Structures are given as C-alpha cells and as structure tokens.
Amino acid sequence: SVLLGGSARYLGACAAEDLTLPSLTELKRVGSTGSPCPPSAYAWLASQKPGVGLHSTSGGTDLNGSFHGGNPWLPVFEAELQSAGLGLDVAVLDEAGDAEVAAGEQGELACRSAFPCAPLAFLGDDGEGSKYREAYFDDNFGGGRAWRHGDWVEPTENGGLIIHGRSDATLNPGGVRIGTAEIYNAIEPLLDASPDFSDALVSAQPFVAKDGDTEIDDVRVVLFV
C-alpha cells in the first residue's frame, strides 16, 4: 500500500481548488499533521478517492510519535482523529486536569502515565530538568503528573477526537472558548475562493460589556482582512 503525507494547509487548498488527483491506484491512506485538518479536505478526498482514509495526527517531534491519530482498522469520520496510540494513557481532561470530560465537551489533551517515547530531558537543561517540566507538566494540572500536550480537543461518540486548536491560543469571548481550528475553517475558504483576499488576522480585544447598569469585563474577537 502507499501512504501520501501532506500538511493540513496543503490538503485544505486542494479541496478549495477541487483539484483532481492522479490515478495513484495503490494509494490506501493520506496522512496529515502540523495543524487540524479542515472538514473540507475529508469531503474532497472521499470524492476523489473513495475508500482511501484521511488520517490526521496529534503528536510531535519531541515525543517522536503521536498521541492520537489514524487507525487503518477503524472507519474515518469527518474532522476526527481516530484513536489513541499504542502504549499511551491518553485522556481529555478538564482545565484542572482532575477528571475526563464527556463526549461532546472540550478539554486538554493529556497523557496520564509515563510512555515509551517520552523524552528524558532537554539538551542544556539544568540537572533538575526545569525547562522540560515547565514545557509539559504543571503542578496545577493533574497534580503535576500528567503530560499536558497543549491541544484543546473534543472527544466524540465514535471514540475519536476533534482538535479545536492550541489550548494556549484559544479565545474566550463571553465565556465561550473558540479554538484556532474553528477560525481557520471559517476564514480559509474565503481566502482560497477570492483573489481579493490575501490574508487575515484574528485578535482578542478586551472590552467592557453592559448588562443594564452592570458593566462586565469581557473580550471580543476582531477579524482583520
């Protein structure tokens, strides 16, 4: 079988242009990493190559692998990573890292136990591993025992995950967390469809909302095109 690897941005651009793939008769799977793969890419690949799975992953060079990703023995659902990697105690935890969230809710992607491909230390770190712990562990998250990967995700009823973006880059207007993937999925089709748009930037702007005579400190999402 043949595996074709590509970035989420590349596959999304292919979907926007509705490009026609060459025959690639031995193609069985398409892999995607780097950022959440847009739903449009799943529909595009299904129309181009029925039966070829699109497998997006969440992991990194630092752990030389994936916490959650593709599985050739499971069905593919749009925008979902299919299953956890072997030997990994992966869970989606609440913001305190104390409990798993239910399907359909959002939380932090974490690994609660030591795993075979975990790095041992950072090159040049002090003897206590301070930089390493600061990067992935937090005493205020799961008692400092869980690897906090930094992805803000949603478990599904299918046993998969939907990645909404980086947990340190989410916006929180009116108490509703909005991930970067949700913004990309709304903006990129506009950028790809019209030559009048060259780029876009989204920022959070603090402002004071009013509820009658009550003033509430809040944040709003501002789009620059």
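Let me start with Phe-67: leaving aside neighbours within four places in sequence, this residue is in contact, meaning heavy atoms within 4.5 Å, with Ser-58, Gly-59, Ser-83, Ala-84, Gly-85, Leu-88, Val-90, Leu-109, Cys-111, Phe-115, Trp-147 and His-149.

Two remarks on where this comes from. The model is predicted, so local features need pLDDT of at least 70 and side-chain atom pairs count only at pLDDT 80 or more, while totals for chains, interfaces and linings use all residues. Residues are numbered from 1 along each chain as its sequence is written, and side-chain values use heavy atoms, with hydrogens and water left out.

Now the core. The largest nonpolar core has 17 residues, and Phe-67, Phe-115 and Trp-147 touch the most other members. By nonpolar core I mean a set of buried Ala, Val, Leu, Ile, Met, Phe, Trp, Tyr and Cys residues joined through side-chain atoms within 4.5 Å. Buried is under 20% relative accessible area, exposed is over 50%, and partly exposed is in between, with a 1.4 Å probe and protein chains only. At least two residues of this core come from each of strand E7 (90-93), strand E8 (107-111), helix H3 (130-136), strand E9 (147-155) and strand E10 (161-166). Helices (H or I, at least four residues) and strands (E, at least two) are DSSP runs, numbered from the N terminus. A second, separate core has 13 residues, among them Leu-27, Tyr-42, Val-52 and Leu-54.

Next, the sheet. It is open, with four strands in the order E7-E8-E9-E10 and antiparallel pairing; two strands pair if DSSP finds at least two bridges between them. E7 and E10 are the edge strands, each pairing on one side only. From one strand to the next, the twist averages 45°, taken between N-to-C directions on a scale from 0 to 180 degrees, with axes as lines fitted to C-alpha atoms.

Which residues cover the faces of E7? Val-90 and Val-92 are on one side, Ala-91 and Leu-93 on the other, and all are buried.

Last, Ser-32, in strand E2 (residues 27-33). Ser-32 counts as buried because its relative accessibility is 2%. A polar atom of its side chain lies 3.5 Å from the backbone nitrogen of Ala-8. Not counting residues up to four places away in sequence, Ser-32 touches residues including Gly-6, Leu-11, Cys-37 and Leu-54.

Note on methods: A polar contact is a pair of N or O atoms within 3.5 Å; within protein, one must be able to donate a hydrogen and the other to accept it, and residues adjacent in sequence count only if both atoms are side-chain atoms.
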